Amino acid sequence: MILELENVSKRIGIFDLEKISFGLPAGFVMGLVGPNGAGKTSLLNIILGLYKAQTGTVKINGMSYEENEREIKELLGAVLVDELFEGEFSLLENGNFYGKYYKNYEERLLLQYIERFHLDAKKKYKAISKGEKLKFSFAFALSHQPRLLILDEPTANFDPSFRKEFFEVIKEFIADGTRSVILATHLTDDLDKVADYLLYLEDGKALVATDIETFRQSYRMITGEAYKIRLLQDDVIHMEQRELSTRALVRHHGYRRYEPALTVTTPTIEEFMYYQTKRKKNKRK
């Protein structure tokens, strides 16, 4: 496993991350999703070593921060919402300044990605747009050749044409089977195409932490008459009655056979999140 968390908990102010456990093998992409305030960024900060877990263990490539912090930092690349580069430096100057902290940093690689992402290496960091800053952060993360790439909501500020390029680079990054990606995003359509694993957080808890195929086998979207859906009883996670039909997210079991009058489909990640969030709001009423 490139990344393993076991029973990781952390209190941050009045918010608690509670007993988070999952593993990510090398060569795969994990989608990290959940409503705002679910704990996604806090969890990424623990993985990056910016926060220390109060209980549980975090292992990256079999190593712990307590014993191998320096070695772990060499293995990690990140694209975060925070602007961490020097405004008065050019992009190339920023790359070379921060690149000296990484053994595997290559200026050649940085310039290659800067050109590919249509950036100007000589331009000052403070003079580029928010989307360009994220592109540069992505280019820099790739230039020091990490084993685990951690991306916190980068695609929200990318134009549609670059989003396509972004996912091409992600596929290239993991292609040799030795490197992995954690991608936190609200743009779940993209995850449906690239994610191999899914981690869904809600109120600091991991409600789903599994490979994408197991996820798809575990839930169904059901459309039909409300009384027929209600017969599924405790497996109904949330049901919405509409003017002409009723839709529900339900837990699926391999042995289950549904009534022919019901329309049954596999939920997208977006549908799953929507109905889970609605369930949560209804419980609070």
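Visitor: Is F140 buried or exposed?
Guide: This is a predicted model. In it, F140 counts as buried, because its relative accessibility is 7%, and the limit for buried is under 20%.

Visitor: How many aromatic pairs does the structure hold?
Guide: There are 22 aromatic pairs in the structure. One of them joins Y102 and F140 in an edge-to-face arrangement, with 6.1 Å from centre to centre and 70 degrees between the planes.

Visitor: Which parts does that pair tie together?
Guide: Y102 belongs to the loop between α3 (91-99) and α4 (107-116), while F140 is in helix α5 (residues 130-143), so the contact ties together parts that are 38 residues apart in sequence. Y102 is partly exposed, at a relative accessible area of 24%.

Visitor: And which residues do ring pairs link into a cluster?
Guide: The cluster includes Y102 and F140, and among the others are F85, F89, F97 and Y98.

Visitor: Let us change topic. What lies over the face of F162?
Guide: That is K135, at 4.5 Å from the ring centre of F162. Another such contact involves R179, whose charged end sits over the ring of F173, 4.5 Å from its centre.

Visitor: Now the salt bridges. How many are there?
Guide: The count comes to 19 salt bridges. In general, side chains of opposite charge can pair when their charged atoms come close. K133 and E83 form one of these bridges, with their closest N and O atoms 3.2 Å apart. K133 lies in helix α5 and E83 in the loop between β5 (76-79) and α3, so the bridge ties together parts that are 50 residues apart in sequence.

Visitor: Are those two residues buried or exposed?
Guide: K133 counts as buried, at 14% relative accessibility, whereas E83 counts as partly exposed, at 48%.

Visitor: What about D235, which residue does it form a salt bridge with?
Guide: D235 forms a salt bridge with R256, and the closest N and O atoms are 2.9 Å apart. D235 lies in the loop between α9 (226-230) and β11 (236-241), and R256 lies in the loop between β12 (246-251) and β13 (263-265), so this pair ties together parts that are 21 residues apart in sequence. D235 and R256 are both buried.

Visitor: Last one: which residues are linked with E88 in a network of salt bridges?
Guide: The network links E88 with K124 and K126.

Methods
Residues are numbered from 1 along each chain as its sequence is written. This is a predicted model: local features need pLDDT of at least 70, side-chain atom pairs count only at pLDDT 80 or more; totals for chains, interfaces and linings use all residues. Side-chain values use heavy atoms; hydrogens and water are left out. Rings of Phe, Tyr and Trp (its six-membered ring) pair if their centres lie within 6.5 Å; planes under 30 degrees apart count as stacked, over 60 as edge-to-face and the rest as tilted. Helices (H or I, at least four residues) and strands (E, at least two) are DSSP runs, numbered from the N terminus. Buried means under 20% relative accessible area, exposed over 50%, partly exposed in between (1.4 Å probe, protein chains only). A charge sits over a ring if NZ of Lys or CZ of Arg is within 6 Å of the ring centre and within 35 degrees of the ring normal. A salt bridge is a side-chain nitrogen of Lys or Arg within 4 Å of a carboxyl oxygen of Asp or Glu.
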